[in-house]
Amino acid sequence: MHLARFPRIFLAHLPTPLEKMERLSKELGGPEIWIKRDDCTGLSTGGNKTRKLEFLMAEAVAMGADMVMTQGATQSNHARQTAAFAAKLGMACHLLLEDRTGSNDRNYNANGNVLLDHLHGATTEKRPGGADMQAEMEAVAEGLRAQGRKVYIIPGGGSNPTGALGYVNCAYELVGQANDRGLPIDRIVTATGSAGTQAGLIVGLKAINAQIPLLGMGVRAPKDKQEENVFKLAQKTAEKIGCPNVVAREDVVADCDYVGSGYGIPREDTLEAIRMFAELEGILLDPVYSGKAAAGLIDYCRKGRFRKDERVVFLHTGGSAALFGYDAAFDKRA
């Protein structure tokens, strides 16, 4: 549980704020909703991947890499934060972007996170939806290594045991903030996709016996697959920090009913959630991750699936830069 023994580059703006959302809580009639602002981690508008990259990029430096490579969807928050971190370290960055939505919209394909990728100096290649992105990265890396580059490959979302350490640490940080302010937390809700955020959080919470249930709102995979992916990564992460078997299968819970027609395609309730957070709290969500997770949170409140007297923390994974690639979705519903 002592994370200082792992290499880490301290660039994130931590601790991130823990704030009460008074107006949203009132609008929904309870429970008491708080927000953990991991959209405020710094580096190119912030987001949850910055925590993971503190450990991943330290590992890359320790291995002597002069280039990092990762992959994600066209509007990948992870790709943008990786490009920013690499720029800060003076390291080259190459990104493979998968077309998961089939959108031909110019803003979606060139604005938002894509614009920021290039501003940070990253080079990019596109791949069709459904490609084996890990295999694609290995193939590209092999060619670059043949040219003399020392390439460190980061999995999509930064989601491996090294990256998940960032959210083990976040669990410690969040519980510490709550303890210092006398705030008992009844549950935590966050988006879950590539699995690293949810896996790291549940390992951290279980390792310190926080007794706070964690609910992941899925953004891509079906429930069984999502939970299994998170559990497998949680097991590996727990082993890495020296507390194997601390997470049981029943500790990993995901609700994937708010995905809609596919990854990166916002539903009407996604857009409503984005508007509610913006209009009531001045907080920007994104249409891919935090917007769908917030839609689930709001629906749970409306349906009474949380008690009115509960204190629920919504962990905001960031990603507002992607909004600029989704202006057409909001125009249609203006």
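## Overall fold

The chain has 334 residues, for which a compact globule would have a radius of gyration near 20 Å; the chain has 19 Å, which agrees. That radius is taken over C-alpha atoms, and the globule rule is 2.2 Å times the number of residues to the power 0.38. The C-alpha trace spans about 60 × 50 × 35 Å along its principal axes.

This is a predicted model: local features need pLDDT of at least 70, side-chain atom pairs count only at pLDDT 80 or more, and totals for chains, interfaces and linings use all residues. Residues are numbered from 1 along each chain as its sequence is written, and side-chain values use heavy atoms, with hydrogens and water left out.

The secondary structure comes to 12 helices and 10 strands. Helices (H or I, at least four residues) and strands (E, at least two) are DSSP runs, numbered from the N terminus. Of the 334 residues, 59% count as buried (under 20% relative accessible area, 1.4 Å probe, protein chains only). Among contacts with a separation of 6 or more, residues 24 or more positions apart account for 80%. Contact means heavy atoms within 4.5 Å.

## The cavity

A search of the whole structure finds 1 cavity of 30 Å³ or more. A cavity is a set of points on a 1 Å grid over the protein atoms alone where a 1.4 Å probe fits but cannot get out; lining residues have an atom within 4 Å of a point. The largest cavity has a volume of about 100 Å³, the space filled by probe spheres set on the points, which are joined across faces, edges and corners.

Its lining holds 14 residues; Asn48, Lys49, Gly193, Thr197 and Tyr289 lie nearest the centre. Two or more lining residues come from each of α2 (49–62), β7 (187–192) and α8 (196–207). The largest share, 3 residues, is from α8. The lining divides into 3 nonpolar, 9 polar and 2 charged residues. Here Ala, Val, Leu, Ile, Met, Phe, Trp, Tyr, Cys and Pro count as nonpolar, Asp, Glu, Lys and Arg as charged, and the others, Gly among them, as polar.

## Helix α8

In α8, 11 of the 12 residues are buried, so the helix is largely enclosed by the rest of the structure. The buried residues include Thr197, Gln198 and Leu201. Asn209 follows α8, with a positive phi near 55°.

## Thr317

Thr317 sits in the loop between β10 (311–316) and α12 (327–331). Thr317 is buried, with a relative accessible area of 6%. Not counting residues up to four places away in sequence, Thr317 touches Asp38, Gly47, Asn48, Thr190, Ala191, Tyr289 and Ser290.

Key. 1 Å grid on protein atoms, 1.4 Å probe; cavity = no way out; pocket = protein on both sides within 12 Å on 5 of 7 lines; lining within 4 Å. Buried < 20%, exposed > 50% of the residue type's maximum accessible area, 1.4 Å probe, protein only.
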